[in-house]
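Let's take a walk through a protein together. Have the sequence and the 3D view ready, and turn the view as you read.

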Amino acid sequence: MFPERRLRRLRKRTMQPLFQETVLSTDDLVAPLFVDEAALTPTEISSMPGQYRYPLPMIAEVARGIAAAGIRAVILFGIPARKDAGGTEAYNPEGVIQEAVRAIKSTVPDLVVITDVCACEYTDHGHCGIVGETPCGPDLLNDPSLELMAQIAVSHAKAGADIVAPSCMLDGMVMAIREELDCEGYEDTAIMSYSTKFSSALYGPFRDAADSGFSFGDRTTYQMSPANPREAFLESEMDLKEGADILMVKPASFYLDILQSVASLGLPVAAYQVSGEYSMIKAAAENGWIDEKAVALESLLAIKRAGADLIITYYAMDAARWLK
């Protein structure tokens, strides 16, 4: 007790680095990239200042710059030139993501390429798989959509993806993808499951970026309710048992309690600092209300402190520069 115990003794500025319990580094960061099959030039995303949709021919050079900044991984999201009810472009061997993976791996082979495995950017209705009639009206059909996710994942693995990341929150999606990958000879392709993905109000800017808004209903029948922490833990626990290699909590900053509990399962855990989290910091900084660098780094440090091994963030490039 005071005065014998003085915690400020170890807070001298020269001592602070010696006793810092949580350290953020570029090795923790994953940079999201939007690849637009129809784009001719980079297009800034109005609701996400500083973020762009990139044309396919440019994506390898963009990835080269990310690797040069010290970031070891990217996660790819595709905007196809054509959409249909079945999301067929999502597993086209010559689709936008498949071509982007090949281009990046041929240019920056040591950069870890993660691909988002979903159909919302590829379906004309904007939902994450096959839609059909249910007793409550039209909705995402779980089991018919599992085959689609497995097809998408295998097409990404064939193109050279290191990690596939199913984000559709279907029951059984990890098991279906793992079985199909193994059957096709891709036993070494890892699965990073969006294992606890909430039906959040923070995804709005992403839907602008990826052109993935839905034409009817909502996604509350497959994404998690923000009110249910026990169910959120159970979702990740089930994906662990189905064979996931990495678990994920999305969004990040509003769900640090969930992140901490999921980290206790023992697998590596990713946290996705989503578009709304990024855009809120950006907007406040542009209004002069906060110090962007200080707040962004503090937010990433908090995510790391809560248990994240990987942080998917639109601040990846800025953070890499600031950390240097």
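This is a predicted model: local features need pLDDT of at least 70, side-chain atom pairs count only at pLDDT 80 or more; totals for chains, interfaces and linings use all residues.

Residues are numbered from 1 along each chain as its sequence is written, and side-chain values use heavy atoms, with hydrogens and water left out.

Let's begin inside. In soluble globular proteins, nonpolar side chains tend to be buried together. A nonpolar core is a set of buried Ala, Val, Leu, Ile, Met, Phe, Trp, Tyr and Cys residues joined through side-chain atoms within 4.5 Å. Here buried means under 20% relative accessible area, exposed means over 50%, and partly exposed is in between, using a 1.4 Å probe and protein chains only. The largest nonpolar core holds 102 residues, and Ile75, Leu76, Met149, Met192 and Tyr272 touch the most other members. Helix H3 (residues 142-159) is the element that gives the most to this core, with eight residues.

Contact means heavy atoms within 4.5 Å. Leaving aside neighbours within four places in sequence, Tyr272 is in contact with several residues, including Pro32, Phe77, Tyr194, Phe206, Lys250, Pro251 and Tyr314. Keep some of these names in mind for later.

On a 1 Å grid over the protein atoms alone, a cavity is a set of points where a 1.4 Å probe fits but cannot get out, while a pocket is an open set with protein on both sides within 12 Å along at least five of seven lines; lining residues have an atom within 4 Å of a point. Grid points are joined across faces, edges and corners, and a volume is the space filled by probe spheres set on the points.

The largest pocket has about 300 Å³ of space. Its lining has 18 residues, and Gly50, Gln51, Tyr54, Tyr314 and Met317 lie nearest its centre. Strand E1 (29-36), strand E3 (52-55), helix H1 (59-68), helix H8 (275-286) and helix H10 (316-323) each give two or more residues to this lining, and E1 gives the most, with four. By class, the lining has 12 nonpolar, four polar and two charged residues. For these classes, Ala, Val, Leu, Ile, Met, Phe, Trp, Tyr, Cys and Pro count as nonpolar, Asp, Glu, Lys and Arg as charged, and the others, Gly among them, as polar.

The second largest pocket has a volume of about 190 Å³. It is lined by 14 residues, with Asn142, Met169, Asp171, Thr221 and Tyr222 closest to its centre.

The largest cavity has about 150 Å³ of space, and Cys120, Lys197, Phe206, Arg219 and Lys250 lie nearest its centre. The second largest cavity has about 60 Å³, and its lining includes Met169, Asp171 and Tyr194. H6 gives the largest share of that lining, four residues.

What about the cysteines? A disulfide is a pair of cysteine sulfur atoms within 2.5 Å, and by this rule the count is zero. Cys128 is buried, with a relative accessible area of 1%. Cys136 is in no disulfide either, as the nearest cysteine sulfur, that of Cys128, is 18 Å away. Cys136 counts as exposed, at 80% relative accessibility.

Finally, follow the backbone. Most residues other than glycine have a negative phi, and most peptide bonds are trans. Met169 is not a glycine, yet has a positive phi of about 60°. You can find Met169 in the loop between strand E8 (163-166) and helix H4 (173-183), where it is buried at 5% relative accessibility. The peptide bond from Lys250 to Pro251 is cis, with omega near -5°, and Pro251 sits in the loop between strand E11 (247-250) and helix H7 (256-263). The bond from Phe2 to Pro3 is also cis, with omega near 10°.
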